[in-house]
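Here is a set of questions and answers for someone meeting this structure for the first time. Please keep the sequence and the 3D view at hand while reading.

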Amino acid sequence: MSEELPLHINLREPRWDQRTFQGRAKHFFMVTDPRNLLLSAATLEDARRVVENYRSGTVSPDLTEDQLWRAKYIYDSAFHPDTGEKMILIGRMSAQVPMNMTITGCMLTFYRTTPAVLFWQWVNQSFNAIVNYTNRSGDAPITVGQLGTAYVSATTGAVVTALGLKSLTKHLPSIIGRYVPFAAVAAANCINIPLMRQRELKFGIPVTDEDGNRLGESRAAAQQAIAQVVVSRIGMAAPAMAIPPVIMNALEKRAFLKRYPWLNAPLQVGLVGFCLVFATPLCCALFPQKSSMRVSRLEPEVQALVREKNPHMETVYFNKGL
């Protein structure tokens, strides 16, 4: 019977408690699961049908709660939450690990020549632009101009950082040179994300009470949200760009890699992939998606607005983004 599955399950919220790191980690392991990329169009449409039917109050008699949540995560992995459009394949969160392991592995392998640095930093920032466009917010859409400005600025910042550090580390041990791509990626994230979300910094992001009732827009909340996302993005890249160079530096001194130099790139990509499988969801989970801020830290005019609606409120909430 359909009543076996309750109709009050909130599919707009994650399945696990987002107030704990463990709950957030479980959620993001599902969101970033690369296996979702292999699902057929028919499977995606079935998931969409199950979710939309449940929201409208129609439940299949044999549908279990686990099947419902599985359908919800499949649906979320492929369809935009605001527009409902099917997202570009390589721009989905489930593409983060396979795409980043390939690009990062190549950045760490081909870092010795200027053309290689230029090419792989350009590829990386092009991929970031696709991800940012694909996951744009429907409430504050990214214009083509904003996307272009962020893309050019981040690519320029990454290339200038990479080439500048490359020349500075020329006479230092080779292990130091291997960390140049990480510094370039970190610099690009510090440029790319604030530029991509400049509208939020200018006009603020929606802040709500605990029940999701909108109270106003805050620039201070936008600053905190963007800072948290920058930290998470750099954290995602850190293990994949810090651990493999140490291992590869040791392996390259052994006879095995000297005899089979063509294994360098596949080994590097494999090591990066192993790190990213864990680093991507765990760093996404560093901060709650529904972040919070004390009312006293908001702008004076926003504080006044909040106090007017609820004089006793101490904390407001906002979506920090990804």
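This is a predicted model: local features need pLDDT of at least 70, side-chain atom pairs count only at pLDDT 80 or more; totals for chains, interfaces and linings use all residues.

Q: How many disulfides does a search of the whole structure find?
A: A disulfide needs two cysteine sulfur atoms within 2.5 Å. The sulfur of Cys190 has its closest cysteine sulfur in Cys283, 15 Å away, which is too far for a bond. Cys283 is in no disulfide either, since the nearest cysteine sulfur, that of Cys284, is 7.6 Å away. For the whole structure, the search gives a count of 0 disulfides.

Q: What is the distance between the closest N and O atoms of Arg48 and Glu52?
A: Arg48 and Glu52 both belong to helix 2 (residues 41-55), where they are 4 residues apart, and so about one helical turn separates them. Arg48 is partly exposed at 21% relative accessibility, and Glu52 is partly exposed as well, with a relative accessible area of 38%. The two form a salt bridge, in which the distance between the closest N and O atoms is 3.8 Å.

Q: How many residues apart in sequence are the parts tied together by Arg219 and Glu301?
A: The side chains of Arg219 and Glu301 meet in a salt bridge, with 3.5 Å from N to O. Arg219 lies in helix 10 (residues 219-251), whereas Glu301 lies in helix 13 (residues 300-309), so the pair ties together parts whose separation in sequence is 82 residues.

Q: Where does Glu314, the salt-bridge partner of Arg294, lie?
A: Arg294 and Glu314 form a salt bridge, and their closest N and O atoms are 3.2 Å apart. Arg294 counts as partly exposed at 46% relative accessibility, while Glu314 is partly exposed with a relative accessible area of 42%. The pair ties together parts that are 20 residues apart in sequence, because Arg294 lies in strand 3 (residues 290-294) and Glu314 in the loop between helix 13 and strand 4 (315-319).

Q: Is the crossing of helix 4 and helix 10 left-handed or right-handed?
A: Helix 4 (residues 96-109) packs against helix 10 with the axes 11 Å apart and an angle of about 45 degrees, which makes helix 4 oblique to helix 10. Thr104, Met107 and Leu108 of helix 4 make the contact with Ala240, Met241, Pro244 and Pro245 of helix 10. The crossing of these two helices is right-handed.

Q: At roughly what angle do the axes of helix 4 and helix 12 cross?
A: The crossing of helix 4 and helix 12 is right-handed. Among the residues that make the contact are Asn100, Thr104 and Leu108 of helix 4 and Gln268, Val272 and Leu276 of helix 12. The two helices are oblique to each other, and their axes, which come within 8 Å, cross at roughly 135 degrees.

Q: Which helices are included in what covers the buried residues of helix 1?
A: In helix 1 (residues 21-31), the buried residues are Gly23, Arg24, Ala25, His27, Phe28 and Val31. What covers these buried residues includes helix 3 (65-78) and helix 12 (264-284).

Q: With which residues is Leu165 in contact, leaving aside its neighbours within four places in sequence?
A: Leu165 lies in helix 6 (residues 144-168) and is partly exposed, with a relative accessible area of 27%. Leu165 and Arg307 are 142 residues apart in sequence and 50 Å apart in space, C-alpha to C-alpha. Once its neighbours within four places in sequence are left aside, Leu165 is in contact with Val180 and Ala183.

Terms used. Residues are numbered from 1 along each chain as its sequence is written. Side-chain values use heavy atoms; hydrogens and water are left out. A salt bridge is a side-chain nitrogen of Lys or Arg within 4 Å of a carboxyl oxygen of Asp or Glu. Buried means under 20% relative accessible area, exposed over 50%, partly exposed in between (1.4 Å probe, protein chains only). Axes are lines fitted to C-alpha atoms, for helices over the stretch in contact, and angles run from 0 to 180 degrees between N-to-C directions. Angles under 35 degrees count as roughly parallel, over 145 as roughly antiparallel, 65 to 115 as roughly perpendicular and the rest as oblique. A crossing is left-handed if the near helix is turned anticlockwise from the far one by less than a right angle, and right-handed if clockwise. Contact means heavy atoms within 4.5 Å.
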